[in-house]
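Open the model in a viewer and keep the selection panel at hand.

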Number of protein chains: 2
Amino acid sequence: MSAPAPVPAYNIRFVIEYDGSHFHGWQLQKPGVRTGHSELRRALSLILGNDVHPIHASGRTDAGVHARGQVVNFSLPFLPDLPKLSFGVSGILRGKIAVLSADVVPNDFHARDSALRKQYSYQIVSRNPPPVIDWGKVWHVRRHPNIEIMQSAANALVGEHDFSSFRAAGCSANSPVRKIFESRVTVKGATIEYTVVGSGFLRNMVRIIVGTLVDLGTGTIPGSMQEIMDARNRGRAGVTAPPQGLYLDWVEYP
Amino acid sequence: MSAPAPVPAYNIRFVIEYDGSHFHGWQLQKPGVRTGHSELRRALSLILGNDVHPIHASGRTDAGVHARGQVVNFSLPFLPDLPKLSFGVSGILRGKIAVLSADVVPNDFHARDSALRKQYSYQIVSRNPPPVIDWGKVWHVRRHPNIEIMQSAANALVGEHDFSSFRAAGCSANSPVRKIFESRVTVKGATIEYTVVGSGFLRNMVRIIVGTLVDLGTGTIPGSMQEIMDARNRGRAGVTAPPQGLYLDWVEYP
């Protein structure tokens with residue numbers, strides 16, 4: 001007897017935007033918990049008529065974290081009309097998830113494992129009163145951090161380092177070493193933006209970095225970013241900045 | 001008998017920011033309808049222990065319209081601690097209204113009657129799929145209007161003109177003549193911003209102008225902005241753009 005003919009598979013990649021305030025994070029959880037993953041799976045399955053699973057993402061985002069360019073991939077036994085599929089998913093998930101682009105990629109493409117670099121940005125508003133129009137999309141900080149201190153602290157992160165000080169309890173990564181290509185603080189009016197490009201990030205790493213930048217800038221914690229990094233001790237770093245100011249901007253692939 | 005001693009009055013001016021999606025417009029309506037005015041009155045009255053009324057605004061904003069710098073004034077028989085009052089109001093109305101500044105102004109100051117110029121801006125996002133992160137804060141337009149046509153149409157509005165073509169039914173203004181100081185279209189990525197500075201605006205005037213700019217830019221309506229203005233006929237202009245893209249930026253006084 002000959003082996004059964006292989007089922008053809010099409011590996012589909014989506015670049016998606018989402019507003020994290022609608023979800024309990026990206027990652028699939030137990031039934032009834034609405035996550036980015038569960039919503040995308042629901043919309044795809046509704047349109048295509050069969051359960052689409054698994055869906056791989058470039059990484060999990062925490063509850064409340066937004067994405068301007070999250071990348072996901074999933075396999076289908078047939079090739080759908082990609083513009084129609086994108087349009088349908090963006091329509092079903094209107095105001096929550098939008099499909100920015102869709103293409104067919106080689107079968108060995110994996111949104112997480114193939115990723116080379118990612119950019120996150122973080123929005124802080126330092127003013128009184130709290131912001132209203134950007135409410136839920138930024139971190140409101142009452143005190144005014146010293147920007148030059150924040151900028152030089154951000155610079156210290158560039159390079160390959162052990163980021164144990166910026167790793168949440170329960171992080172499952174094997175190694176705490178990551179490579180940071182860019183790390184910078186810019187200011188526009190009352191908005192302070194932190195942008196970071198890295199090979200990958202530990203659990204809560206960007207949020208702990210941002211909390212540390214602010215705590216250093218306001219003099220809430222002692223020492224320098226270099227000393228905190230060298231300590232390899234989460235207890236030396238600052239607070240974990242809240243999720244709603246964080247945006248996954250883009251993911252780069254070969 | 002001598003006349004009773006006059007009650008001293010302090011005329012207080014607030015500059016406020018609000019997210020219009022929380023209100024059925026600015027203007028006070030019947031009890032139970034939440035408007036910007038009713039919410040501000042409620043918070044002021046809670047803090048000061050007596051009903052604060054009337055509150056004058058530089059102008060009404062429609063349901064869903066936002067303000068980055070609306071100006072209001074109201075009279076009090078005593079002088080409160082203004083920083084504490086601002087802080088309290090912004091706290092009670094957290095995420096809805098924020099008091100950006102507060103000062104005592106001469107008794108003849110009136111937020112509407114004393115206004116010299118106002119700036120509105122309008123955010124359009126022209127892309128597919130619809131925006132997600134800015135959902136509810138912009139007008140999503142599927143078609144891509146021609147930007148040069150929009151810019152030259154915007155230019156035609158500068159000067160003193162009869163704006164009858166851009167006036168909603170039911171507008172109660174005595175004269176349809178207004179003076180426009182600036183009117184410009186700028187583009188950043190998929191976002192088209194329209195900014196207009198004028199002596200004052202008729203009911204729905206900015207929203208009808210924006211709808212007309214888009215309809216001219218997509219070729220949906222015939223003619224030029226000059227011809228539409230000269231017609232003094234609402235029927236010649238374009239659609240009324242939805243409220244959620246409109247922002248009252250600032251109001252200027254002598």
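**Stop 1: a hairpin in chain B**

Select B:Gly189, which takes a positive phi near 60 degrees in the hairpin of strand 8 and strand 9 of chain B, a hairpin with two residues between the strands. Strands here are DSSP runs of E of at least two residues, and helices are runs of H or I of at least four residues, numbered from the N terminus. This is a predicted model, in which local features need pLDDT of at least 70 and side-chain atom pairs count only at pLDDT 80 or more, while totals for chains, interfaces and linings use all residues. Residues are numbered from 1 along each chain as its sequence is written, chains are lettered from A and ligands numbered from 1 in the order in which they are written, and side-chain values use heavy atoms, with hydrogens and water left out.

Now show strand 8 (residues 177-188) of chain B, which pairs with strand 9 in the antiparallel sense over eight bridges; two strands pair if DSSP finds at least two bridges between them. B:Lys188 has B:Thr191 as its bridge partner in strand 9 of chain B.

Is strand 9 of chain B largely enclosed or open? Six of the eight residues of strand 9 (residues 191-198) are buried, so the strand is largely enclosed by the rest of the structure. Buried means under 20% relative accessible area, exposed over 50%, and partly exposed in between (1.4 Å probe, protein chains only).

**Stop 2: the two chains together**

Show both chains. A rotation of 180 degrees with 0.0 Å of shift along its axis superposes chain A on chain B, with an RMSD of 0.0 Å. The two copies are thus related as by a two-fold rotation axis. To find the axis from chain A, select A:Asp134, the residue of that chain that comes closest, at 4.8 Å (C-alpha).

Next, select the contact (heavy atoms within 4.5 Å). It takes 25 residues from chain A and 25 residues from chain B.

**Stop 3: side chains across the contact**

Select B:Arg127 and A:Glu17, whose side chains meet in a salt bridge (2.4 Å, N to O). B:Arg127 lies in the loop between strand 5 and strand 6 (139-141) of chain B and A:Glu17 in strand 1 of chain A, so the pair joins two chains. Both residues are buried. A salt bridge is a side-chain nitrogen of Lys or Arg within 4 Å of a carboxyl oxygen of Asp or Glu.

**Stop 4**

Finish at B:Glu39 and B:Arg42, a salt bridge with the closest N and O atoms 3.1 Å apart. Being three residues apart in helix 1 (residues 36-48) of chain B, they are separated by about one helical turn. B:Glu39 is buried, at 6% relative accessible area, whereas B:Arg42 is partly exposed, at 38%.

Conventions
Copies are superposed by least squares on the C-alpha atoms of residues with pLDDT of at least 70 in both.
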